[in-house]
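Here are a few notes to go with the model. Have it open while you read.

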Amino acid sequence: MSRMLRIVNRVLLGLAGLLLVVFGGSALAIGLGADPPSWWIHDGRHDVLLSDADRTRWRDDGWWWPTVIAVLSVVVLLALWWLTAVLRRRRLAEVLVDTGDGEGALLRGRALEGVLAGEAGALDGVERAQVSLTGRRTVPEARVQLLLEPHADPGDALHRLTTEALAHARDSAGLASLPAEVRLRGVKHGAERVN
């Protein structure tokens, strides 16, 4: 769902931005004296967006107000859905661990995050590690941020993270896989003095 939400966010924001740029740019260009095409909504520099005749054209028709209310209601519902989807808590609260007896146990997501962050932070060359779990409780995904020491090898740190910390977390939770998105950042340090 997170990937789908990112795609919907980007498409909606892109379309909204494109519409604002096109209509705002055209209004600015026409306001500065550019000649609009004959089919455009503005006729000239002193034209208004909606004239009195345009605003009151369908006011007396029986279908106008129900249609306006229905369209605005759909827009408000979609905006509320989008807002709740964006603000919803993305962290995984619990992970379903297969106990082998056909049942299962629930492991707190924060506990697994803490253990994984502690093990990743103890790796050579890693100064600090932050972990958050996302996804579903049967198929969790890890987001790992590693702050590397100045002289650490990023390839080695990534290899040890996947073969040690992530492998231990995956095996201890009895998961078939534990996909991870890893972000590496280096510690800022001052220039060294050479003698």
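1. Start with the buried side of H4: Gly 109, Leu 112, Glu 113, Leu 116, Ala 117 and Ala 120 are its buried residues (buried means under 20% relative accessible area, with a 1.4 Å probe and protein chains only). They sit on the same side of H4, because they cover an arc of only 130° around the axis (the arc is taken from the directions from the helix axis to the C-beta atoms).

2. A word on sources: this is a predicted model, where local features need pLDDT of at least 70, side-chain atom pairs count only at pLDDT 80 or more, and totals for chains, interfaces and linings use all residues. Residues are numbered from 1 along each chain as its sequence is written, and side-chain values use heavy atoms, without hydrogens and water.

3. H4 itself runs over residues 109-121; helices are DSSP runs of H or I with at least four residues, strands are E runs of at least two, both numbered from the N terminus. Its cover includes S1 (94-97), S2 (105-108), S3 (126-135), S4 (140-148) and helix H5 (154-172), with contact meaning heavy atoms within 4.5 Å.

4. Now the strands. S3 and S4 pair antiparallel over nine bridges (pairing takes at least two DSSP bridges between two strands), and a hairpin of four residues joins them. Ser 132 has Arg 143 in S4 as its bridge partner, while Gly 135 has Pro 140.

5. The open sheet has three strands in the order S3-S4-S5, with mixed pairing. S3 and S5 (180-186) are the edge strands, each pairing on one side only.

Key
The expected span of a helix is 1.5 Å times one less than its number of residues. Buried means under 20% relative accessible area, exposed over 50%, partly exposed in between (1.4 Å probe, protein chains only).
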